[in-house]
Amino acid sequence: MSKNSVTIVDNRNGNQAEFDILDPTIGSPAIDIRKLHGELGLFTYDPGFQATASCKSDITYIDGDKGILLYRGYPIEQLAAHSNYLETSFLLMYGHLPSNVEYHEFVGIIKRHTMVHEGLKQFFNGFHHDAHPMAIMVGVVGAMSAFYHDSLDINNPRHREISAHRLLAKMPTIAAYSHRRAYGLPLLYPRNDLDFIENFMYMMFAVPSEEYKVDPIAVQAMRLIFILHADHEQNASTSTVRLASSSGANPFACISAGIASLWGPAHGGANEAVIRMLEEIKDPDEIPKYIERAKDKNDDYRLMGFGHRIYKNYDPRAKIIRQACYDLLEIMDNSNQPLFNTAKQLEKIALEDDYFLERNLYPNVDFYSGIILRALGIPLNMFTVIFAMARTAGWISQWLEMMEDKEQRIGRPRQIYTGAAPRDFVDLSKR
Ligand code: CMC
């Protein structure tokens, strides 16, 4: 019997088998149960994959109990303090911090891919005037599959790299256009004299009739949001990208699937849901009523921006962004002040309430990013789009890694069938 193994005994019949334990660099080891069904005729049951590692990955590490988040080994706090989004994207994609030459080359490549095909721009006119920008993102990013045939051979590493660059570079352009469409504003060409985030802000807010001045405070806050959201291990949208890709689908279709998954309020839609919740609460005096609803077992209501599947002590991203959020609210003379006061009160009350303390329900990154985006005047329905843009670095890095992984198979979970036992068909006339 190997020391680094686990023996599973089926108490019903005494059958047993030994399974290897796989050791990560850091973190919890995992039992390799790939032969479980062959050896013991059993499957595992794990809805929501709470205890299942779906892959080996070198990219991101999270320790939810200690509140640690590392990208390629680098603490998120250090990246947030010193890096920028494209440098962080390079790190996620290629596994090391770029040299000076690599960095400038990468920035140049991404800049050269920022424009979208003129034909793709026509798509924006086809959407309903009040379409949610996330709906547009799902459609248009998926539609990129129809435009870039020159690099769609997923078995060619160079093609994969070009597709990854295109996705990273074009996401801000598509995101800005998904916003402009609703307001009937012209779709502006990207400006390659601006940096990645400045260019996004320009395409979002500039008008051709006036000079546009990029607000450095807004750019700095966005830079932080982008770095903090760039990757997060095997979360729902990343797992969706991997599952979709496991069948050999093209990366544009797979990232579109990831965007769809991110949209939900339990995931990336939470930043938007936070503001909707604060707007609904309105008056700080009403907060106790909403806290009681969140605690009521018979009410589905949840406080948006609280809790996390993995972080059970605190969300390290929230710790970083909370400070930035408070700093920003100090300097911004903002008509949203009543809403921010409600947010501060809610944060305080929830952090003192036993229900939230016992369940480790702390404000998460989206609680604060939602408030920051509102303070910056970003339209509410663009909040999750911004999350999607930032997470693109993670999605493409995870996809590139997966495509190189010889152990990956088509994703195919099993089930515990709870339906009818075999029975005979009854002719319609006899039913
Ligand atoms: N408000 C009130 N109660 C909550 C909340 C909340 N936001 N979140 C969890 N609970 C309760 C839940 O009712 C349960 O109580 P009990 O043990 O009495 O049944 C307990 O806490 C555990 O909840 P869970 O649903 O088993 O926890 P989970 O790990 O499956 O869910 C979550 C994590 C993030 C989906 C959930 O906390 C939630 O829905 N939060 C609000 C949405 C949100 O802010 N999402 C953004 C997450 S951060 C961004 C990202 O990484 O995507």
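In what order do the strands of the open sheet of three strands stand, and is their pairing parallel or antiparallel? I opened the predicted model with this question, and I read the order as S4-S5-S6, with antiparallel pairing. I noted that S4 and S6 (74-75) stand at the edges with a single partner strand each, so one side of each is left without a neighbour in the sheet.

**Entry: the strands of the sheet**

I looked up the pairing of S4 (residues 60-63) with S5 (residues 68-71), and found four bridges in the antiparallel sense, with Ile62 standing opposite Leu69 of S5. The two strands form a hairpin with four residues between them, and in its turn I noted Gly67, which has a positive phi of about 70°. S5 and S6 are joined by two bridges, again in the antiparallel sense, and I recorded Pro75 in S6 as the bridge partner of Leu70.

**Entry: the nonpolar core**

I turned next to the largest nonpolar core, which holds 115 residues, and found that Phe200, Met222, Leu303 and Leu346 touch the most other members. Helix H19 (residues 383-404) gives the most to this core, namely twelve residues. For Leu346 I listed the contacts beyond its neighbours within four places in sequence, and these are Met277, Leu278, Ile281, Ile287, Ile291, Leu303, Phe306 and Phe367.

I looked at Thr392, which is found in helix H19, and which counts as buried because its relative accessibility is 0%, where the cut-off for buried is under 20%. Apart from neighbours within four places in sequence, Thr392 is in contact with Tyr85, Leu167, Leu168 and Met171.

I also followed helix H11 (residues 236-245), whose axis comes within 10 Å of that of H19 and crosses it at roughly 35°, in a right-handed crossing. From H11, I recorded Ser237, Thr238, Val241, Arg242 and Ser245 as meeting Arg391, Trp395, Gln398, Trp399, Glu401 and Met402 of H19. Sorting the residues of this contact by type, I counted four nonpolar, four polar and three charged.

Note on methods:
Residues are numbered from 1 along each chain as its sequence is written. This is a predicted model: local features need pLDDT of at least 70, side-chain atom pairs count only at pLDDT 80 or more; totals for chains, interfaces and linings use all residues. Side-chain values use heavy atoms; hydrogens and water are left out. A nonpolar core is a set of buried Ala, Val, Leu, Ile, Met, Phe, Trp, Tyr and Cys residues joined through side-chain atoms within 4.5 Å. Buried means under 20% relative accessible area, exposed over 50%, partly exposed in between (1.4 Å probe, protein chains only). Contact means heavy atoms within 4.5 Å. Axes are lines fitted to C-alpha atoms, for helices over the stretch in contact, and angles run from 0 to 180 degrees between N-to-C directions. A crossing is left-handed if the near helix is turned anticlockwise from the far one by less than a right angle, and right-handed if clockwise. Ala, Val, Leu, Ile, Met, Phe, Trp, Tyr, Cys and Pro count as nonpolar, Asp, Glu, Lys and Arg as charged, and the others, Gly among them, as polar. Two strands pair if DSSP finds at least two bridges between them.
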